[in-house]
Amino acid sequence: ASHCRGERCHKVKYPSSFVPCHTSHFSFNLWPMVEMNLEYTGDLRALATHGPSGTVIQTDAPTDNMGKGESFSPTDLCGAALASCILTTISIKGQNKGWDLKGATAKVQKIMSDDLPRRISQLNVDIEIPNQFSEDDKQEMRHIADTCPVNQSLNPDIQVNLKLEWV
């Protein structure tokens, strides 16, 4: 199409509520932007403030990279974000289906690469969900976990081992 700015626009997945603008162009500002502000406070630590809520978290470099390991490292947050995204995304879908995931838990193991550049090489994510769902629901939950926004945003070189169990 002549309005395209390259082939990327054909790969964008639009929400079901998406309505193109009145021209032949699409509006690409469909999802809200969230601003976060960070301040380096010294000693390999930073404070991150979530713009909409004002919630503050501190990061600390890990002990194997000159830090004290007294808080989440930035790469720890990546692993936590994946597990949180999986639980949240399943729960969002579940609200429409009557699913109650209260009590579901996740455990994440983050493994860093042995070579340079320093990066996450593997995330092992174990999710335990109360065993009250049909096989069809469980299959749908597996699909949602595989396609959650954080999982889709991770570098494909990161090996993600995802295990969902119903307990």
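I'll talk about the sheet and then about a pocket.

Quick housekeeping: this is a predicted model, where local features need pLDDT of at least 70, side-chain atom pairs count only at pLDDT 80 or more, and totals for chains, interfaces and linings use all residues. Residues are numbered from 1 along each chain as its sequence is written, and side-chain values use heavy atoms, with hydrogens and water left out.

So, the sheet. We've got an open sheet of three strands, ordered E1-E2-E3, with antiparallel pairing. Strands here are DSSP runs of E with at least two residues, and helices are runs of H or I with at least four, numbered from the N terminus; two strands pair if DSSP finds at least two bridges between them. E2, residues 45-50, pairs with E3 over five antiparallel bridges, and Arg45 sits opposite Asp60 in E3.

Now, which residues line the second largest pocket? They're Thr89, Ile92, Lys93, Asn96, His143, Ile144, Thr147 and Pro149. A pocket is an open set of points on a 1 Å grid over the protein atoms alone, where a 1.4 Å probe fits, with protein on both sides within 12 Å along at least five of seven lines; lining residues have an atom within 4 Å of a point. Helices H1 (74-97) and H2 (135-146) each give two or more residues to this lining, with H1 giving the largest share, four.
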